[in-house]
Amino acid sequence: MCGIVGYLGNNDCIENIKQGLLNVEYRGYDSAGISYIDGNKIVVQKRVGNVQNLFDTITCPDGIHCGIGHTRWATHGEVCEKNAHPHLSFNNKFSLVHNGIIENYAMLRDNVLSEIPFRTDVDTESIVNMVAYINQEKPEMPIVNCLGESLKSLQGSYAIAMIAKETPDVIYFARKESPLLIGVADGETFISSDILGLGKNCEKYVVVPNGVYGVIATDGIKAYKQGGKPYELEFKSMISLGERADKGDNAHFMQKEINEIPAVIVNTIDIYLKPLNPLTIIEPSFWEGIERIEFIACGTSYHASMVGAMFAEDNAHKVARTHFASEFVYNPPFVDEHTLCVFVSQSGETADTLHAVKVAKEKGAKTLGVTNVMTSNLVHVCDHTLPICAGVEVAVASTKAYNAQVTVLLLLADFLRDGNYETIARRISSEAMTLNLEEMWANAKKFVKKISNSRSIYFVGRHMDYITCLESSLKLKEISYIPCEAYAAGELKHGTIALVEEGTTMLAIVTEPKLISKTLNIVEQAKARGATLIYYTSLNLKDFAVKDKDVMRAPVVDVELSPLFSIIPMQMVAYLVSVGKGYNPDRPRNLAKSVTVE
Ligand code: G6P
């Protein structure tokens, strides 16, 4: 949901901003822009489209050492050049990039700033105009204080980077809720929404705390808490980001990330099998007195949570449920100090999920995050966090993070039962090591044409297979734009079967032997009404008059682990269909990887 970067240093600012923006482009790619000071003038260059397009179509002078950049996922105002960031103040003295939402921007524009001309439809413009307005009213006030004053009038969320004509080698910053990090290297300072946007040679970084603003200058960084009290930023050593933004031999990040799944699972298990590991370092009292477990998440993480809840209930014998974070906020279940709320989020920055943490904490629940990004907001707001160790996931449609989330949640379920998750951990690891991905890609390819030609697709399955249906359907619709839905197979006859006609494709997922006849009975009814069937199974369906040509093979694994592994060929199918249709699976339309607005 918008990525911001800034650079101040001895090297080429434009190149550093470009690299930073490319690394945070997963956050949005509706438009991109850059701003810097050239001579006595603030220059803003922006384009609709992605970061590469921006840099292919603009020229910048050499010798720029300070600037800011932005890649946008539109929230307020249509996608057009005018609305792209950076935004200039009415008097052209300030230029600012923003991630977040200013909820009271219309009120500011129509009241305090009513005499000031606005040029765009974007909430961000109210911030830069507010700074310029205060600076105009109080010219003696240092610019960083003008920024601090402006923040007092803003409602909503923001990560901000700003430059000012008066102070050429300086970047101003502020953060409330939306993520913001600062990284330092020898003679260089970087600012970004994500650790990935900081320079490769950064030695130290800090996650700017909520409510902190400040100034980055050649002689150092000064930070303040709201109200103007100086604040000491605590820098940490940079974490290894060796694999970031490198597709290797793969055509797309999504392909690379699917291919990494077995290694990610094994690596995650290795970390959780160490004597001191993310589960065992949590103080034992945290786990005491838990009567209920609520899993809360969005999108793919919601589906991983469904697996987690099913296993927590079956294995740990606790009432366990799953909630959409956006619904949990308005309709929370009964939650108290005996409730463990587990928040699952690849990015750790999803606004709906973070809001849900706040609600759960207010009710006294214990909060546990499960995330791939240990520098994220989720880690700061939850009592404890379990890393999923998937490595950087760049493609917008989540794949390897899903498998890593399911892995950790399976361990958690057994841990909650009796503390012993070693047996399941070793089973998962050994299954992961025997997966034959080449064979899976080959099998998936056989069904690409049939799926690509479908007008709509219904995924149907029961029990664990139903969760795989939900995630398969989400993956396919996200990147191929084929309308598809998932249904619990038993529900088909209670309404949805009315939609079945010639041309409907039904993909039945069956990986549990005890469910074969029940699931097949129902899809046969759909077949009799004209549906084209694809059976996705690891089982032998010969006794059910199913033709081989209609069977897509699922990996043969321990049935209990089916949700973890049977999704992989479905992720491959979604990828292949998207590529076959000429789309870029890494950058699906209208989506962003990290949704930092509610
Ligand atoms: C967005 C992404 C999805 C993702 C969801 C939750 O909608 O497009 O792929 O599953 O956010 O993200 P999270 O980072 O919280 O797992």
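Me: What is the distance between the centres of domain 2 and domain 3, and how many residues does each bring to the contact?
Reply: In this predicted model, the centres of domain 2 and domain 3, taken over C-alpha atoms, are 26 Å apart, while the contact, for which heavy atoms must lie within 4.5 Å, takes 34 residues from domain 2 and 30 residues from domain 3.

Me: How do you know what area domain 2 and domain 3 bury between them?
Reply: Buried area is the accessible area that two parts lose on being put together, summed over both, and for domain 2 and domain 3 that comes to about 2,800 Å², with 67% of it on carbon and sulfur atoms.

Me: Why is the pairing of Glu-560 and Arg-427 called a salt bridge?
Reply: The rule asks for a side-chain nitrogen of Lys or Arg within 4 Å of a carboxyl oxygen of Asp or Glu; the side chains of Glu-560 and Arg-427 meet at 2.6 Å, N to O, and therefore the pair qualifies. Across the interface of domain 2 and domain 3, the rule finds two salt bridges, and the count of residue pairs in polar contact between these domains is 15.

Me: Which helix supplies the largest share of the side of domain 2 that touches domain 3?
Reply: That helix is α8, with eight residues; by class, the side of domain 2 that touches domain 3 has 20 nonpolar, 12 polar and two charged residues.

Definitions and conventions:
Residues are numbered from 1 along each chain as its sequence is written. This is a predicted model: local features need pLDDT of at least 70, side-chain atom pairs count only at pLDDT 80 or more; totals for chains, interfaces and linings use all residues. Side-chain values use heavy atoms; hydrogens and water are left out. Domain bounds come from an automatic or database domain assignment. Buried area is the accessible area (1.4 Å probe) that two parts lose on being put together, summed over both. A polar contact is a pair of N or O atoms within 3.5 Å; within protein, one must be able to donate a hydrogen and the other to accept it, and residues adjacent in sequence count only if both atoms are side-chain atoms. Helices (H or I, at least four residues) and strands (E, at least two) are DSSP runs, numbered from the N terminus. Ala, Val, Leu, Ile, Met, Phe, Trp, Tyr, Cys and Pro count as nonpolar, Asp, Glu, Lys and Arg as charged, and the others, Gly among them, as polar.
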